[in-house]
Amino acid sequence: MRKRTLFRLTAGTVAAGAATLAYASLVERNLFTLRRYDVPVLPTDAEPLRVLHLSDLHMMPNQRRKQDWVASLAALDPDLVVVTGDNMADPEAVPGVLRALQPLLDLPGAFVFGSNDYTGPVLKNPFTYFLPDREYTEGVPLPYEELRGILTGAGWVDLNNARTTVKAGGREIELAGVDDPHVERDDYDAVAGPVGDAALSIALAHSPEPAVLDRMAADGFGLMLAGHTHGGQVCVPGYGALVTNCGLPRSMARGLHRWPGSDSWLHVSAGLGTHPTAPVRFACRPEASILTLISR
């Protein structure tokens, strides 16, 4: 009787695990979801402004379902498009990224890169993400300069360690960004300084490292945008993300948060892709976000 009960428990556990893995790999990672947030960062009585935030496409050449879904977001008619890196996961991914973003390129836009715009992903033990000091391993080189040329050629602003102003939604917006802090390509000193007189200021980074976010908030940027965390990618219902793969607390792994000790808001996108060697998501759907900026 005990052996029979143990066998049934074991078989049930294995079956539940297999079903969960099948759902995470075949279903949820393709359940692309649009999130909507209101962010009170504009002056009193200012007209709302809509920002489309995309991140972590991790595009493979033949992911046409994801490409079509991203392209369909142009129908939202945002005032500004912001992309916070990790667009590619394969040396042949640029055409797929372009197919996804092409309908959005006529709109004002800005971008920073992530580590997986420079080099491709490599096979790794997923449990190493729990190690705070794990060594970063580079994969094959990716055609980031080709992608940069396409985006800037369309008029989008390259904010990798750069600062500028753009006009979107009928007003001037001050923008600053850093290259990916996750691989120590960031140079905040190159963009540091208090925000100016623009009605709105936005700062970008791929990886939401607190040391960088603290400086952005101290300079007065009202909204900070990042990705990288994948929202945890595999989450526990009722508990949330297990890891963020950076210094950000798990409670801020995705979504909109007031940055501690400041008047700044942080939005972390859970992103639209996965590491290609771990193509699963659980309790953490792939996402893009529409941020409607409203008066304080």
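Me: With which residues is Asp117 in contact, leaving aside its neighbours within four places in sequence?

Reply: Asp117 is in contact (heavy atoms within 4.5 Å) with Gly85, Asp86, Asn87, Met88, Leu142, Tyr144 and Leu147. The model is predicted, with local features requiring pLDDT of at least 70 and side-chain atom pairs counting only at pLDDT 80 or more, while totals for chains, interfaces and linings use all residues. Residues are numbered from 1 along each chain as its sequence is written, and side-chain values use heavy atoms, leaving out hydrogens and water.

Me: Where does Asp117 lie, and what does its side chain reach at 2.8 Å?

Reply: Asp117 lies in helix H4, residues 115-118. Helices (H or I, at least four residues) and strands (E, at least two) are DSSP runs, numbered from the N terminus. The side chain of Asp117 reaches the backbone nitrogen of Asp86 at 2.8 Å. This is a polar contact, for which a pair of N or O atoms must be within 3.5 Å; within protein, one must be able to donate a hydrogen and the other to accept it, and residues adjacent in sequence count only if both atoms are side-chain atoms.

Me: Why is no salt bridge assigned to Asp117?

Reply: A salt bridge needs a side-chain nitrogen of Lys or Arg within 4 Å of a carboxyl oxygen of Asp or Glu. The nearest side chain of opposite charge, Arg148, is 9.2 Å away, so Asp117 has no salt bridge.

Me: Why is Asp180 called buried?

Reply: The relative accessibility of Asp180 is 0%, and therefore Asp180 counts as buried. Asp180 is found in the loop between strand S7 (171-177) and strand S8 (200-204). A polar atom of its side chain lies 2.8 Å from the backbone nitrogen of Ser115. Asp180 is also in contact with other residues, including Phe113, Arg185 and His206. The C-alpha atoms of Asp180 and His206 are 5.4 Å apart, although the two residues are 26 apart in sequence.

Me: How many disulfides are counted, and what is the reason in the case of Cys235?

Reply: The count comes to zero. A disulfide is a covalent bond between the sulfur atoms of two cysteines, and the rule calls for a pair of cysteine sulfur atoms within 2.5 Å. The sulfur of Cys235 is 4.2 Å from the closest cysteine sulfur, in Cys284, and is therefore too far for a bond. Cys235 counts as buried, because its relative accessibility is 5%.

Me: Why do His230 and Gln233 count as buried?

Reply: His230 counts as buried because its relative accessibility is 8%. Gln233 is buried, with a relative accessible area of 11%. His230 is in the loop between strand S9 (223-226) and strand S10 (235-236), and Gln233 is also placed between S9 and S10. Phi is near 55° for His230 and near 65° for Gln233, a positive value in a residue other than glycine in each case.

Me: What makes a set of residues a nonpolar core, and which residues have the most contacts inside the largest one?

Reply: A nonpolar core is a set of buried Ala, Val, Leu, Ile, Met, Phe, Trp, Tyr and Cys residues joined through side-chain atoms within 4.5 Å. The largest has 30 residues, and Leu54 and Leu104 have the most contacts inside it.

Terms used: Buried means under 20% relative accessible area, exposed over 50%, partly exposed in between (1.4 Å probe, protein chains only). Lys and Arg count as positive and Asp and Glu as negative; His and the chain ends are not counted.
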